[in-house]
Amino acid sequence: MAPRKTLGESLREHGVSRRGFLKFCAATASMMALPPSMVPAIAAALEQARRPSVIWLSFQECTGCTESLTRSFSPTVEDLILDIISLDYHHTLQAAAGHQAEAAREQAMKDNFGEYLLVVDGSLPGPDMNPGFSTIAGISNHQMLEEALAGAKAVVAVGTCAAFGGLPAADPNPTGAVSVLDVVKDKPVINVPGCPPVPMVITGVLAQYLVFGKLPELDEYHRPLAFFGQSIHDRCYRRPFYDKGLFAESFDDEGAKAGWCLYRLGCKGPSTYNACATMRWNSGTSWPVESGHPCLGCSEPKFWDAGSFYAPLSSPLGSPTSTLLGAGVTGAIIGGAAAALAKKRTATVVADRQPVTVEELEQKL
Amino acid sequence: MSDPMGFLLWVKGPAFDWALAIFALGMLARIVEIFILGRKKNYAEAKGGEWGPGFKTILTRSIADPGTFARAPFDVVVGWIWHLGFLIALFLFIPHVELFKGLLGIAWPGLPNPVVDAVTAITILGLIAALVHRLQHPVKKRISTPEDYLVWAVTFLPVLTGYLAYHRLINPYPLVLGLHILSVELFLVVFPFTKLTHAFTAFIARWYNGAIFGRKGVES
């Protein structure tokens, strides 16, 4: 294998100017909530970084995460960062197919043992389920993951399916789908959820890894705090309308036209942690809430099973109306029975009453 | 259920259904029993109607009579403040209106969030003042039972956690929202078996008072 180029060399080859590169470094610093004084350090670190080998495994997924990544913006430095990563195996993107593709994976695993980054998108069928539910080149997902894990430095679970099980794990979960974290116990796992994740978040996590050579700070769901530290609601440009109590009540009412808060239309922004509101989509053009649609909460666990996308966050999930009716009727019957019993007891007491006259009492004395 | 989102989905789903079932069953059992038992039949000749004075008394008894106010101004004023605040926060906060819409299929206009926020802050202060007064007033302290403190706690917690959730003072949000809903469920479960039932029975008792006096032809 030819010696790996540094990132700086590759960027210059791709015609990226120094100015463009520094702008990217500044954006990375602000994304990671680092002070501007860190920009030169990031630039120096990125400049010298060697292309890390990345093996990308796609399991029970829809390719949406890869689509998000590749169709995002072109050409930008973020794109190039991905070009510059040595993406040694990605069965959707690579030219090789069949046994050659698998050979490339095995070669990359051998050459970079202990050093490569393993990226996974998609969930895995449950460990006790039929392994035939999802295979690549006849190899079950579990087997492929285990083989690739041995020499991996860390695992990045891209997309909600890999991070939390996602759509395959939604009720009734026919394949018993599990997340990467459910399977991987002995290697660091970074979750980059989203359906799909914001492209800049994927590249940002990789950039962070390149710059600091270590894994980012994570929240309890293993999500990088730099991108998932704040909720959509807290960063939403429609937040002032929520605070004022101005809500759209249907998708075409005056409130919707005026761009008011979408809480009543089912927005899950308050309970969703992601970077959409700050980074936006399509080169920063817009994002779901800006386009007039409530946040679905796609970067949170179980978002498919968290009730209707169009039911407000405060509305209950079960069947409370029938519960209320059923329990109310039962209660009324119990109350009626208790009252009837009490009345009957009173009637019995009255009927069995044995009056005593004063004379009788005096006789007893 | 072990993670914040799992916890939130549990309190919004099965836990809410259970709490609601206990509340509805308990309250309906008590109210139906009260109505079926009714009052002892009065054989005396009626000197006036029952319905009019009954409903009138439901309203008039909301205002404390001058004697009561003179004896316990603190209880009357603070009691009014936090009861009103509690009801405003419960029924006029937009997310709560959405909850009732999801539950009962009916909705009504709400208040702007900052108004509800201010009312909630006042309610929290009112409830704390009520507790401090209960602990400091020699007579009140002596006649307070564990039930009184339980009822205070299950009333206070939803207001407090609601305030914390609205201002996002505990992270992550699904955790604090889940705690808020859980505290409401505790309130619902305790409700039918404690003096919290006064939210319904107070009005029944006032009606009976008014009706009895009305029948006797005297003002209540």
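Trainee: How many Å apart are the C-alpha centres of domain 1 of chain B and domain 2 of chain B?

Mentor: The C-alpha centres of those two domains lie 16 Å apart. One thing before we go on: this is a predicted model, where local features need pLDDT of at least 70 and side-chain atom pairs count only at pLDDT 80 or more, while totals for chains, interfaces and linings use all residues. Residues are numbered from 1 along each chain as its sequence is written, and chains are lettered from A and ligands numbered from 1 in the order in which they are written.

Trainee: Thanks! Which residues go into each domain of chain B?

Mentor: Domain 1 takes 1-37 + 173-215, and domain 2 takes 64-144. Those bounds come from an automatic or database domain assignment.

Trainee: And how many helices and strands does chain B have?

Mentor: Chain B has 11 helices and 0 strands. Helices (H or I, at least four residues) and strands (E, at least two) are DSSP runs, numbered from the N terminus. The C-alpha trace of chain B spans about 65 × 40 × 35 Å along its principal axes.

Trainee: What percentage of chain B counts as buried?

Mentor: Of its 220 residues, 34% do. A residue is buried if 20 or more other C-beta atoms lie within 10 Å of its own, exposed if 12 or fewer, and partly exposed in between, with C-beta atoms placed from the backbone.

Trainee: What share of the chain B contacts with a separation of 6 or more comes from residues 24 or more positions apart?

Mentor: That share is 75%. Two residues are in contact if their C-beta atoms, placed from the backbone, lie within 7 Å.

Trainee: Changing topic: how many residues are in the largest nonpolar core?

Mentor: It has 130 residues, and those with the most contacts inside it are I55(A), L118(A), V120(A) and A157(A). Such a core is a set of buried Ala, Val, Leu, Ile, Met, Phe, Trp, Tyr and Cys residues joined through C-beta atoms within 7 Å. Helix 2 (residues 14-37) of chain B gives the most to this core, with 12 residues.

Trainee: Which residues does L118(A) touch, leaving aside neighbours within four places in sequence?

Mentor: L118(A) is in contact with I55(A), L57(A), A148(A), L149(A), A152(A) and V155(A).

Trainee: Now the two chains together. How many residues does each chain bring to the contact?

Mentor: Chain B brings 40 residues and chain A brings 39 residues. On the chain B side, helix 2 of chain B gives the largest share, 17 residues. By class, that side of chain B has 27 nonpolar, 6 polar and 7 charged residues. Here Ala, Val, Leu, Ile, Met, Phe, Trp, Tyr, Cys and Pro count as nonpolar, Asp, Glu, Lys and Arg as charged, and the others, Gly among them, as polar.

Trainee: Over to helix packing in chain A: at what angle do helix 2 and helix 3 of chain A cross?

Mentor: The axes of helix 2 (residues 18-31) and helix 3 (residues 39-48) of chain A cross at roughly 120 degrees and come within 9 Å. Axes are lines fitted to C-alpha atoms, for helices over the stretch in contact, and angles run from 0 to 180 degrees between N-to-C directions. F21(A), L22(A), C25(A), A26(A), T28(A) and A29(A) in helix 2 of chain A meet V39(A), I42(A), A43(A) and L46(A) in helix 3 of chain A. By class, this contact has 9 nonpolar, 1 polar and no charged residues.

Trainee: What about the backbone: which peptide bond is cis, with omega near 10 degrees?

Mentor: That is the bond from D171(A) to P172(A). P172(A) is found in the loop between helix 9 (166-169) and helix 10 (180-183) of chain A. A cis peptide bond also joins C195(A) and P196(A), with omega about 0 degrees.

Trainee: And what is phi of R280(A)?

Mentor: Phi of R280(A) is near 60 degrees, a positive value in a residue other than glycine. R280(A) lies in the loop between helix 16 (276-279) and helix 17 (320-351) of chain A. K302(A) has a positive phi of about 60 degrees, although it is not a glycine.

Trainee: Last one: why does K40(B) count as exposed?

Mentor: Because K40(B) has 6 C-beta neighbours inside 10 Å. K40(B) lies in the loop between helix 2 and helix 3 (51-60) of chain B.
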